Amino acid sequence: MTAVSQLIPPRPAPASAKRRITGAKVAAIAVLALWALLAVALVLTVVNGWEEAKFLRYGPRYLHGLWTTISLVVLAVVLGALLSLPVAFARMSNNRVLNTVAYAYVYIFRSTPLLAQLFLIYYGLGSFRPQLETVGLWWFFREAWYCGLLSFVLNTAAYQAEILRGAIQSVPRGQHEGAAALGIPKYIAFRKIILPQALIVALRPYGNEIILMIKGSAVVSIVTVYDLMGETRYAFSRTFDYQTYLWAAIFYLAIVEALRHVLAFLEARLTRHLKR
Amino acid sequence: MSGFFSALFSALDPLCGPIGLFSLFGALVDNGSLIACGDAGWGDEIAFGVKITIGLAIVTLPVGLVIGFLIALAAQSEEKLLRLAAGIYTTIFRGLPELLTLFIIYYGLQILIQAVFAWFGYEERIEINAFFAGVVALSVVFSSYASEVLLSAFRAIPHGQYEAGDALGLHRGRTMRLVILPQLVRIALPGLTNLWLILLKDTSYASAIGLAEILRQTGIAARVSKEAFFFYFIACMLYLTLATISSVGLGFLESWAKRSEVRR
């Protein structure tokens, strides 16, 4: 049997590993340098091209365009959510005809470009002026803003219907059965048991859809609506100044990033009971 | 031989060939002369637009996939700075509207090339090709979304797979090519299918910078013939057909990629 008779004397710490220069590090620094260069170029473009007159002239127009974009998107998302309800239920129903019609609607609007839908509604339906005048709908299809809104609503309703359907069907069957076993009427079970669970699942896709809508809303500028993109194009066509586009990029990035963070916060808050 | 093949292709042309949709439609239907092929109708112009749309999407796909793959690699690297660089890229290009990206790249490249040429003392107005600008802009957008899909696919592959590669004495590149990539493709394919369908739709934005793709060609036809609804309806149907064909094709590809998995 041996016993330790003396302690090991203290030793210096082992030499720290040499920091190697890896290929990844070089690439990272190169790319970051490129980003920094672009950022400097952006700032320089704005600073060098700064003109008080231009700012005073186009600044308020940009803000107005921003307001147009936001109001258009908010209206489209809300109306689209309303329209998506019957579509989603038709999609889930056992009725063959309803199911097929809803499926066709969703399929068509999800697989054609928003721009083509907008053109079809604004230019296409706009060419039926006499008929529309007799029906009394010409005031609606005459305005590019209304046509943009209509195409956005139809488009986002198709996407939102799929989101809603997926979310409702993701709620386990046992939840329905449990509610039925407790004798809860179907409508109340849906409203108080199924929907809350479904909306948590749907939150992230809904957020993505809103962001896609904000980005997609830029297409109305092509049919002469002065949203943020439209004002940008107007300013560019007057000044041929590249920084008009940079300002638009800053605005869009700010909106999308702010929205993304708000949605992430909302999701973390609403799902806090699911965290372990 | 090449003459034979070109004859075969023109005979099997699905839009303007002898049994093409536009030719049949133009011959059979009363109003159909609008999209007849040749001088009378707009069929051949629109068929050209379809080719440009498909070409744009097909050229963009590999470029976007390669850039997206590199960015996904960067985003999961151990090097913090590289992750930061990749994060900046995806944040910017996923936050900008595709239309704005297209304009920024179209005009930005022109300014850049002009500046470089002016540096060498060559002062002239340069206009870059709309197709090229479209490919650059769409692959930038595509790659930033593809990197997210590929990144989540990378995360789905267990770390043991890399270690097994090391244990077999495979070089890092070979581990990636022989062990990781085949699994990565299988996991990422549904996401990439979605991105391809989005890419097909995004090609329509290139009409805004004057590229003669489906929407621009039908737009010209609509303006000249004053049959806007008819032509834009045709444009929508063409996009719908392209999407349907590619989703069927990609469905086959997916089941092919999954052939080694257990059937349930």
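This is a predicted model: local features need pLDDT of at least 70, side-chain atom pairs count only at pLDDT 80 or more; totals for chains, interfaces and linings use all residues.
User: Which secondary structure elements does chain B have, and in what pattern along the sequence?

Analyst: Start with the count of elements, then their order. Chain B has 10 helices and zero strands. Its pattern along the sequence is α-α-α-α-α-α-α-α-α-α.

User: How many residues does chain B have, and what share of them is buried?

Analyst: Chain B has 264 residues, of which 37% are buried. Sequence separation is another thing to read. Of the contacts in chain B with a separation of 6 or more, 66% are between residues 24 or more positions apart.

User: How should I read the crossing of α7(B) and α8(B)?

Analyst: Take the distance between axes, then the angle, then the hand. Helix α7 covers residues 159-167 of chain B and helix α8 covers residues 172-202 of chain B; their axes come within 10 Å and cross at roughly 130 degrees. The crossing is right-handed.

User: Which residues of α7(B) and α8(B) meet?

Analyst: From α7(B) come Gln161(B), Tyr162(B) and Gly165(B), and they meet Thr175(B), Val179(B) and Ile180(B) of α8(B). By class, this contact has three nonpolar and three polar residues, with no charged ones.

User: What span should helix α4 of chain B have, and what distance separates its end C-alpha atoms?

Analyst: The check compares an expected span with the distance between the ends. The expected span is 1.5 Å times one less than the number of residues. Helix α4 of chain B (residues 80-95) has 16 residues, so it should span 22 Å; its end C-alpha atoms are 22 Å apart, which agrees.

User: Which residues of α4(B) are buried, and what do they pack against?

Analyst: The buried residues of α4(B) are Leu82(B), Ala85(B), Ala86(B), Tyr89(B), Thr90(B), Phe93(B) and Gly95(B). They pack against α3 (43-75), α5 (98-119) and α6 (130-156) of chain B, and also against α1 and α11 of chain A.

User: How many residues does each chain bring to the contact?

Analyst: Count each side separately, then look at elements and classes. Chain A brings 35 residues and chain B brings 37 residues. On the side of chain A that touches chain B, α1 (23-48), α4 (114-124) and α11 (243-270) of chain A each supply at least two residues. The most comes from α1(A), with eight residues. By class, that side of chain A has 27 nonpolar, five polar and three charged residues.

Note on methods: Residues are numbered from 1 along each chain as its sequence is written. Chains are lettered from A and ligands numbered from 1 in the order in which they are written. Two residues are in contact if their C-beta atoms, placed from the backbone, lie within 7 Å. Helices (H or I, at least four residues) and strands (E, at least two) are DSSP runs, numbered from the N terminus. Ala, Val, Leu, Ile, Met, Phe, Trp, Tyr, Cys and Pro count as nonpolar, Asp, Glu, Lys and Arg as charged, and the others, Gly among them, as polar. A residue is buried if 20 or more other C-beta atoms lie within 10 Å of its own, exposed if 12 or fewer, and partly exposed in between; C-beta atoms are placed from the backbone. Axes are lines fitted to C-alpha atoms, for helices over the stretch in contact, and angles run from 0 to 180 degrees between N-to-C directions. A crossing is left-handed if the near helix is turned anticlockwise from the far one by less than a right angle, and right-handed if clockwise.
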